[in-house]
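Keep the 3D view open as you read.

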Amino acid sequence: MKPRILAFAGSLRRDSFNKKLVPIAAKGAREAGAEVTLIDLKDFPLPLFDQDLEAEQGMPENGKKLKQLFIDHDGLLIASPEYNSSITAVLKNAIDWVSRPAPGESSLVAFQGKVAVLMSASPGALGGLRALVHVRSILGNIGVVVLPNQIAVAKAHEALQPDGSLRDPKQQAAIEGLGSTLASFLTKLKG
């Protein structure tokens, strides 16, 4: 069976550098034999997680849809921007909603047994690396195996071309390699 990978960026911005990285990694995953579903978190607007709101109204419909996507996939390709040296609010909020169990459901069902690869892009010199530390910690604590392979693209405004590809062919190949690594790992895991 082909591994199924959910790929997205932790950004809502239309011209996000991180949204440009995700299709590059997805291409590598597809070429390695995975089925990849590329989504935009902007298509799943969610209120800020609030347990009182959840108790009164239940899980928002977009939360249910997003959670089902996580459940239906074996792996995650995540490009995380860095906001103030950490994870973005939209990415953390999505993780928080997706982590909520439905009645009778086991805890963290959407994350347990999943495997993830992380990447980031930033105009700064570290390329968003500080955010990846936080994303790795959060995902690891909720049962996701986060592979050690990661790439932070520094000076993204110079590294990315208008068509979304990277100027440096080696960097382009490295990002594709992240997707390929995840697909290969999942194939071995499922085999």
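Start with helix H4, residues 89-98, where the buried residues are Leu91, Asn93, Ala94, Ile95, Trp97 and Val98. Keep in mind that you're looking at a predicted model. What covers those buried residues of H4? The cover includes strand S1, helix H2 (51-57), helix H3 (61-72), strand S3 and helix H5. A bit of helix geometry is handy here: an α-helix has 3.6 residues a turn, so residues three or four places apart point the same way.

Is Ala89 buried or exposed? Its relative accessible area is 55%, and because anything over 50% counts as exposed, Ala89 is exposed. If you trace back 17 residues along the chain to Asp72, you'll find its C-alpha atom 24 Å from that of Ala89.

Lys92 also sits in H4. With a relative accessible area of 30%, this lysine is partly exposed. Which residues does Lys92 touch, leaving aside those up to four places away in sequence? They are Ile87 and Ile138. For a sense of distance, pick Met1: Lys92 is 91 residues from Met1 in sequence, and their C-alpha atoms are 31 Å apart.

S3 was part of the cover over H4, so let's go there next, because this strand is mostly covered: five of its five residues are buried. In a regular strand the side chains alternate between the two faces of the sheet. In S3, Gly75, Leu77 and Ala79 are on one side, while Leu76 and Ile78 are on the other, and all of them are buried, so both faces are covered.

Who are the neighbours of S3 in the sheet? S3 pairs with S1 in the parallel sense, over five bridges, and with S4, again parallel and over five bridges. Leu77 is the bridge partner of Ala7, and the bridge partner of Leu77 in S4 is Val117.

Zoom out and you can see the whole sheet: five strands in the order S2-S1-S3-S4-S5, forming an open sheet with parallel pairing. The edges are S2 (35-38) and S5 (145-153), each of which pairs on one side only. Ignoring direction, neighbouring strands of this sheet are turned by 15 degrees against each other on average. As a reminder, strands of a sheet pair through backbone hydrogen bonds, either parallel or antiparallel.

Helix H1 (residues 17-31) lies across S1, S2, S3 (75-79), S4 (115-121) and S5, and runs at about 140 degrees to S4. Helix H5 (residues 129-141) lies across S3, S4 and S5, running at about 165 degrees to S5.

Is Ser16 buried or exposed? Ser16 has a relative accessibility of 2%, so it counts as buried. A polar atom of the Ser16 side chain lies 3.1 Å from the backbone nitrogen of Asn18.

Finally, step back to the whole protein. There are seven helices and five strands, and from the N terminus on they run β-α-β-α-α-β-α-β-α-β-α-α. The C-alpha trace spans about 50 × 40 × 25 Å along its principal axes. How does that sit with a compact globule? For 191 residues, such a globule would have a radius of gyration near 16 Å, and the protein has 16 Å, which agrees.

Of the 191 residues, 48% are buried. The accessible surface comes to about 9,100 Å², and carbon and sulfur atoms account for 54% of that. Among contacts between residues at least 6 apart in sequence, 78% join residues at least 24 apart.

Notes: Residues are numbered from 1 along each chain as its sequence is written. This is a predicted model: local features need pLDDT of at least 70, side-chain atom pairs count only at pLDDT 80 or more; totals for chains, interfaces and linings use all residues. Side-chain values use heavy atoms; hydrogens and water are left out. Two strands pair if DSSP finds at least two bridges between them. Helices (H or I, at least four residues) and strands (E, at least two) are DSSP runs, numbered from the N terminus. Axes are lines fitted to C-alpha atoms, for helices over the stretch in contact, and angles run from 0 to 180 degrees between N-to-C directions. Contact means heavy atoms within 4.5 Å. The radius of gyration is taken over C-alpha atoms; the globule rule is 2.2 Å times the number of residues to the power 0.38. Buried means under 20% relative accessible area, exposed over 50%, partly exposed in between (1.4 Å probe, protein chains only). Accessible areas come from the Shrake-Rupley method with a 1.4 Å probe; for residues, only the protein chains shown count as cover. A polar contact is a pair of N or O atoms within 3.5 Å; within protein, one must be able to donate a hydrogen and the other to accept it, and residues adjacent in sequence count only if both atoms are side-chain atoms.
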